[in-house]
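Good morning, and thank you for coming.

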Amino acid sequence: MHLKYESTLREPLVDGVKDYHQVTEDIISPIEAKPGKLWYVGFFISLALLGFGAFSVFWQIYFGVGVWNLNKTIGWGWDITNFVWWVGIGHAGTLISAILLLFRQGWRTGVNRAAEAMTIFAVMCAGQFPIIHMGRVWMAFFILPYPNTRGPVWVNFNSPLLWDVFAISTYFTVSLLFWYSGLIPDFATIRDRAKTKLRKHLYGIASFGWTGSTKHWQRHESLSLVLAGLSTPLVLSVHTIVSFDFATSVIPGWHTTIFPPYFVAGAIFSGFAMVNTLLIITRKILKLEEYITIGHMEAMNKVIVLTGSVVGCAYLTELFMAWYGANPYEFDTFFKYRAAGPLGWSYWIMMTCNVITPQVFWFRKMRRNVTVTFVMSIIVNIGMWFERFVIICTSLYRDYLPSSWSYYRPSWPEVGFYMGTFGLFFTCFFLFAKYFPVIAVAEIKSVLKTSGENYKEKMEVYEEESAEKFAHDVAHAH
Amino acid sequence: MAVKNFVVGLFDDEAVLFPAVKKVRTAGYKLHDVYTPFPVHGLDHAMGLRESSLHTAGFIYGITGTTTALSFMSWVFNVDWPLNIGGKPHFPLPAFIPITFELTVLFAAVGMVMTFCWLCQIMPGVKKHIFHPRQTDDKFVMVIELTEKTNAEEVKSFLQAAGAHDINEQQAEAGWWFGRFDKDDEPYLRKVKPVNA
């Protein structure tokens, strides 16, 4: 009996009667079983999408960037929209694993592993867009500051586009390290219970020879804490720097100082929505409802309604500033060509999906409803895609000179490329769900005795007694 | 490291493990290690391990990243190729902050993970002796190293009294070697005479 225990008023994080071994069984046994029919169907659909994406990219590289419908006025279209969208999705994982770790939010243990995996896959998808967008991808290494034979001539360290290179690659590396360092002990668990030789060998390599020594766990805890502390400002910096791509330019509609917090809130918003989409399916297929509970989804829905409202405030602030700032070009961008005009429909899709519909989550019943959560998670991601589209395209398509006004709709290689990243994302996610422990086994075990349902029930006796008596009994227990 | 003789005992519950660790230490037995499936808070203190200084290493890596970024960028802009970019200063500190920050985080994270692997002596291909296959599942495995002063039978009955079960004696390599977990390559290593036989 510890002096510190979780109040029974808090919902259990793990439902059902569990002990440590049962936790291992529940989470590891899907890895040891043959995947179901649904897994194969999903995996091959993802592979097909990935193949189509690869073909679209090949087409663009072979014939040049002209196969895209970008033009002189609209130089950034679906490519950069998709880049910002995927990077945004990639924010939830590190937010859950780092910021919620520092805030001591116990519920993160159930969802952090899958959310971090999602982060890594989303950043992999995001990174391709700026690179392919360069047109001559074989020159992509020019963005790196390496000693070359042309002087050497260096990259411009003042450019937000270069900051992006550093931010995204650092974010990817640190997220990957954080994720993998958490996976090492769980791989060791799979290794030590493996029945087949191949599994024992492969997970033996993946587990780095982890034994579970107390000293190693002490270092592991220290490492996780410092990586969380490093990732917290990192995750905020990444979308801030992405927003600098726009905010440091002088395009009306981009040139605003609220972009960094507004982009970060939007990133968390879409990221949590994507976590909900994936986990609702994963928990169902892998039968992990007792670990990823309705309580977990409710917590994420609360974050969604908060960040959705932050984003809503940002939209209104932008409109107010466009009017109050008395810059006629900015006023026109917002009131004539963004909220109205030929692309005005995209603005209203964004407003509906991001600001109006998430308000259903003010109701507890809606937050705890799986169907509503699933539908909302998809609506939010559609809304967030349109937010990026609106910011990029509606600021560009009405230029200063009416003669260069233009309209934009994507060509098939642009759509195909986007679909291809979905293929990549889901191919990776299917492989992850099959071969990796989708829930952090060791972390669940360390919160089991304070937050497991069958352990919490035992606490009811202590809840009855007075705090003084409880403290006294604990102090004189031995 | 070296091949040694050990007495191994299993515990099911942290509540039994903690007093047992205390007893073993007061009795003066050489506690080799306790293997647990998850981080048990306070066990490191109970075993008398000192605090980890990994975070200090992380700080040093971090400031190395800061210095690298700042000095490299200012060297490029001022010494190696001073370029006039829109009349902006050659040492634009605010514009250097994003990259400086990213490199600080990158150096600290990569450095710390590598130090962690080095200190724990773990990497792909490394193999270590697993005293009980359920030490990564649900058992807390206490391992006591035998010395010339300790009697194996005495340690066994001591562990029994402390609440352990499945107590056994094992001869094992205490360090690591390159090996595969699907192959039992330890007997080969065990040809060496244990140092504490």
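In chain B of this predicted model, consider the contacts between residues with a separation of 6 or more: 81% of them join residues 24 or more positions apart. As for burial, 38% of the 197 residues of chain B are buried.

Which elements make up this chain? Chain B has six helices and six strands. Read from the N terminus, their order is β-α-β-α-α-α-β-β-α-β-β-α.

Let us turn to overall dimensions. The C-alpha trace of chain B spans about 80 × 40 × 30 Å along its principal axes. The radius of gyration of chain B is 25 Å, whereas a compact globule of 197 residues would have one near 16 Å.

The division into domains comes next. Domain 1 of chain B consists of two segments, 3-51 and 125-190, while domain 2 covers 54-120. Taken over C-alpha atoms, the centres of domain 1 and domain 2 of chain B are separated by 43 Å.

I now come to the interface. How many residues of chain B are in contact with chain A? On the chain B side there are 56 residues, and they are in contact with 54 residues of chain A. The elements of chain B that give two or more residues to this side are β2 (30-35), α2 (43-46), α3 (54-80), α4 (93-120) and β3 (126-128). Of these, α4(B) provides the largest share, with 17 residues. Sorted by class, the side of chain B that touches chain A holds 39 nonpolar, seven polar and ten charged residues.

Finally, please look at one helix of chain A, namely α12, residues 344-356.

Which residues of α12(A) are buried? They are A:Tyr347, A:Met350, A:Cys353 and A:Asn354. These four cover an arc of only 145° around the axis, and therefore they are on the same side of α12(A). What do the buried residues of α12(A) pack against? Their partners are three helices of chain A: α10 (294-324), α11 (328-338) and α14 (370-396).

To close, I would ask you to keep two points in mind. In chain B, α4(B) gives the largest share of the side that touches chain A. Thank you for your attention.

Notes. Residues numbered from 1 in each chain as written. Chains lettered and ligands numbered in written order. Predicted model: local features only at pLDDT ≥ 70, side-chain atom pairs only at ≥ 80, totals over all residues. Rg over C-alpha atoms; globule rule 2.2 N^0.38 Å. Buried ≥ 20, exposed ≤ 12 C-beta atoms within 10 Å, placed from the backbone. Contact = placed C-beta atoms within 7 Å. Nonpolar A, V, L, I, M, F, W, Y, C, P; charged D, E, K, R; others polar. Domains from an automatic or database assignment. Expected span 1.5 Å × (residues − 1). Arc of directions from axis to C-beta.
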